[in-house]
Amino acid sequence: VKRTRPLPPIYSAHFAGVPGQMCREDFKQFMAAFIAAFPDQQHTVEELIAEGDKVMPRLVIRGTHQGAFNGIPPTDKSVMITAINILRIEHGKIVEHYTHTLPAPCSLITRRC
Amino acid sequence: VSMEENKALIRRFIEEVLNQKNLDAIDDICSPDFVEHDPVPGQGPGAAGLKQFFAQHFFPAFPDLHWVVEEMVAEGEYVMARSMWIGTHQEPFLGIPPTNKRVTVAAWTIDHIIDGKLTDSRIIMDALGLLQQLGVVPPPGQPR
């Protein structure tokens, strides 16, 4: 008897207001650039709603602008970003990640996939 | 009150208030002491403040405003909606004279419902994207 196993989850990330989607590698690159710009960034969950296979955390991200960001050289200013995410989870892994941040980190969003 | 009833209340707000521009429906849907956690500059408190913001600012500025829900997640007393709105800028808005530009803006909401009334809400609106589409802020990556 041939045993079937669940397919490995394919992760995709979507930024609100930006067409298309990012794959796992795109998202890693995005996060690397975001962390380089705000190396001390801390993410705090302020609220969390879940229904079925979806989890919706609202986060506040705080950090200091220590690397170039959006073409802006480091200003050493503290920033606060609000982020809402919808994460869809299959077999214990995130497969779909919708995110909406305020303000949006537009120019860091690049895609290869 | 079930989560499905809470979702239906939010869909009613979007259809009747935002899409059909029926401001009286606010009295039915929102509690009088309604709180917006992230108000638009100039928005007064309560259901009255919300009504006034729609009547005097938002609806005249974007008379063809159309609000589309793409996804909803509900748990307990909370409903989260991932939405987009589309409209043409025809009157001053946030001090910006009419540009006649058609904009598409991401707006996500977290609504709190108690006993069938919307008591408080948090809107996360892509204000930067709106200003970029209106042409008052340069697109990302371009010098000011």
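**Ground rules**

I call a residue buried under 20% relative accessible area, exposed over 50%, and partly exposed in between, using a 1.4 Å probe and protein chains only. By that rule I put F34(A), at 6%, down as buried. I am working on a predicted model, where local features need pLDDT of at least 70, side-chain atom pairs count only at pLDDT 80 or more, and totals for chains, interfaces and linings use all residues.

**Entry: confidence in chain A**

I looked up pLDDT, the predictor's confidence in each residue, from 0 to 100. Chain A has a mean of 85, and 82% of its residues reach 70 or more. I take helices (H or I, at least four residues) and strands (E, at least two) as DSSP runs, numbered from the N terminus. Among the elements of chain A, strand β3 (residues 42-51) has the highest mean pLDDT, 96, and strand β1 (residues 12-15) the lowest, 89.

**Entry: the sheet in chain A**

I count two strands as paired if DSSP finds at least two bridges between them. In chain A, six strands make an open sheet with mixed pairing, in the order β2-β1-β6-β5-β4-β3. Which strands stand at the edges? They are β2 (22-23) and β3 of chain A; each has a single partner strand, so one side of each is left without a neighbour in the sheet. I find β3(A) running antiparallel to strand β4 (residues 54-64) of chain A, with nine bridges joining them. T44(A) has V60(A) of β4(A) standing opposite.

**Entry: stacked rings in chain A**

I pair rings of Phe, Tyr and Trp (its six-membered ring) if their centres lie within 6.5 Å; planes under 30 degrees apart count as stacked, over 60 as edge-to-face and the rest as tilted. That gives 19 aromatic pairs over all chains. One of them is F30(A) with F34(A): the centres are 5.8 Å apart and the planes at 15°, so I log the pair as stacked. Both lie in helix α1 (residues 24-37) of chain A, four residues apart, about one turn of the helix. F30(A) is buried as well, at 4% relative accessible area.

F62(B) lies in the loop between α3 and β2 of chain B and W85(B) in strand β3 of chain B, so the pair ties together parts 23 residues apart in sequence. Both F62(B) and W85(B) are buried. For contacts I use heavy atoms within 4.5 Å. Leaving aside neighbours within four places in sequence, F62(B) touches W85(B), G87(B), T88(B), H89(B), F93(B), V103(B) and L130(B).

**Entry: nonpolar cores**

My nonpolar core is a set of buried Ala, Val, Leu, Ile, Met, Phe, Trp, Tyr and Cys residues joined through side-chain atoms within 4.5 Å. The largest has 38 residues; those touching the most other members include F13(B), F62(B), W67(B) and L118(B). Which element gives the most to this core? It is α3(B), with seven residues. Apart from it I find another core, of 14 residues, among them M22(A), F34(A), L59(A) and I61(A).

**Entry: salt bridges**

I count a salt bridge when a side-chain nitrogen of Lys or Arg is within 4 Å of a carboxyl oxygen of Asp or Glu. K54(A) and E71(B) make one, at 2.8 Å from N to O. This pair crosses between chains, from strand β4 of chain A to strand β2 of chain B. E71(B) is buried, at 11% relative accessibility. In chain B, D27(B) bridges to K51(B) at 2.9 Å between the closest N and O atoms. That links helix α2 to helix α3 of chain B, 24 residues apart. Both ends are partly exposed: D27(B) at 45%, K51(B) at 21%.

**Entry: positive phi**

I noted H91(A), not a glycine, with a positive phi near 45°. H91(A) sits in the loop between β5 (78-90) and β6 (93-102) of chain A. Is H91(A) buried or exposed? At 62% relative accessibility, H91(A) is exposed.

Technical notes
Residues numbered from 1 in each chain as written. Chains lettered and ligands numbered in written order. Heavy atoms only, no water.
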